[in-house]
Amino acid sequence: MFNGHKLTQPEAALQLPETKVAADRQGATMNGSLEPAGAPRPKGAGRKADVTHAILRAMCMAASLTAFSFMVTAKQHSLLVVYGFQFPVHSKWSFSNSFEFLVGVSGAVVIHSFLQLLICISRLLRKSSAIPSRNYGWLVFAGDQVLAYALMSAGSAASGVTNLNRTGIRHTALPNFCKPLHSFCDHVTISIAFTFFSCILLATSVVLDVIWLTKY
């Protein structure tokens with residue numbers, strides 16, 4: 001008996017489920033949605049971040065392809081004049097191990113960026129995250145970082161050879177080889193410049209990968 005009303009056993013049994021449902025709804029409202037408090041956060045850094053990833057991939061692929069193209073076309077025949085004597089010279093990118101390394105790394109970056117761009121565009125068209133999981137995010141992060149370091153190493157090694165060709169060797173009679181081989185040296189210089197630019201783009205992608213991994 002409570003305030004003149006008798007609470008029967010069936011009615012008491014029905015009170016508990018309603019109270020539990022009300023508590024669940026109140027908790028969901030406090031969490032800002034109808035999802036439970038332990039629901040996972042949405043994957044992906046948002047559509048703008050995915051578009052940024054796609055743009056970076058396209059720019060990196062274009063820069064690496066430019067570096068690759070200019071290097072593999074770097075070759076020239078000319079005459080070298082030393083103390084009035086003319087010597088035929090032939091220069092080609094494959095004569096230098098540093099240039100061969102740059103070509104190999106640039107080609108790898110082109111393939112990597114192209115595959116990532118295809119994946120990113122396909123996911124954007126399906127309106128899903130460009131990075132579907134943390135494991136995939138770590139894989140992309142590792143690939144971007146390794147290739148960025150490789151590009152930096154290749155560009156630095158090729159720069160040393162190019163600087164030697166332009167300045168000659170001190171205390172010797174060797175001339176500036178880039179005077180008779182100006183076309184060759186120009187191709188190599190442009191290739192190195194785009195190699196470092198591609199390295200910067202990959203480093204930017206690494207930063208975005210880190211931001212994604214820390215947030216999600």
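Of the 216 residues in the chain, 32% are buried, where buried means under 20% relative accessible area, exposed over 50% and partly exposed in between (1.4 Å probe, protein chains only). This is a predicted model, in which local features need pLDDT of at least 70, side-chain atom pairs count only at pLDDT 80 or more, and totals for chains, interfaces and linings use all residues. Residues are numbered from 1 along each chain as its sequence is written, and side-chain values use heavy atoms, with hydrogens and water left out.

The chain contains five helices and two strands, arranged along the sequence as α-α-β-β-α-α-α. Helices (H or I, at least four residues) and strands (E, at least two) are DSSP runs numbered from the N terminus. Among contacts between residues at least 6 apart in sequence, 77% join residues at least 24 apart; contact means heavy atoms within 4.5 Å. The chain exposes about 13,600 Å², of which carbon and sulfur atoms supply 66%, by the Shrake-Rupley method with a 1.4 Å probe.

Two packed helices are described by the angle between their axes and the distance between the axes. The values for two pairs involving H5 (residues 182-215) are tabulated here. Axes are lines fitted to C-alpha atoms, for helices over the stretch in contact, and angles run from 0 to 180 degrees between N-to-C directions.

| Helix pair | Axes come within | Crossing angle |
|---|---|---|
| H3 (residues 97-125) and H5 (residues 182-215) | 11 Å | roughly 45° |
| H2 (residues 47-72) and H5 | 8 Å | roughly 160° |

The crossing at roughly 45° makes H3 oblique to H5. Angles under 35 degrees count as roughly parallel, over 145 as roughly antiparallel, 65 to 115 as roughly perpendicular and the rest as oblique. H3 passes H5 in a left-handed crossing, meaning that the near helix is turned anticlockwise from the far one by less than a right angle. Phe-99, Leu-102, Ser-106 and Val-109 in H3 meet H5 residues including Phe-184, Val-188 and Leu-202. This contact of H3 with H5 has seven nonpolar, four polar and no charged residues. Ala, Val, Leu, Ile, Met, Phe, Trp, Tyr, Cys and Pro count as nonpolar, Asp, Glu, Lys and Arg as charged, and the others, Gly among them, as polar.

For H2 and H5, the crossing at roughly 160° makes H2 roughly antiparallel to H5. H2 also passes H5 in a left-handed crossing. The contact of H2 with H5 comprises 14 nonpolar, ten polar and two charged residues.

Ser-113 lies in helix H3 and is buried, with a relative accessible area of 0%. Leaving aside neighbours within four places in sequence, Ser-113 is in contact with Arg-57, Cys-60 and Met-61.
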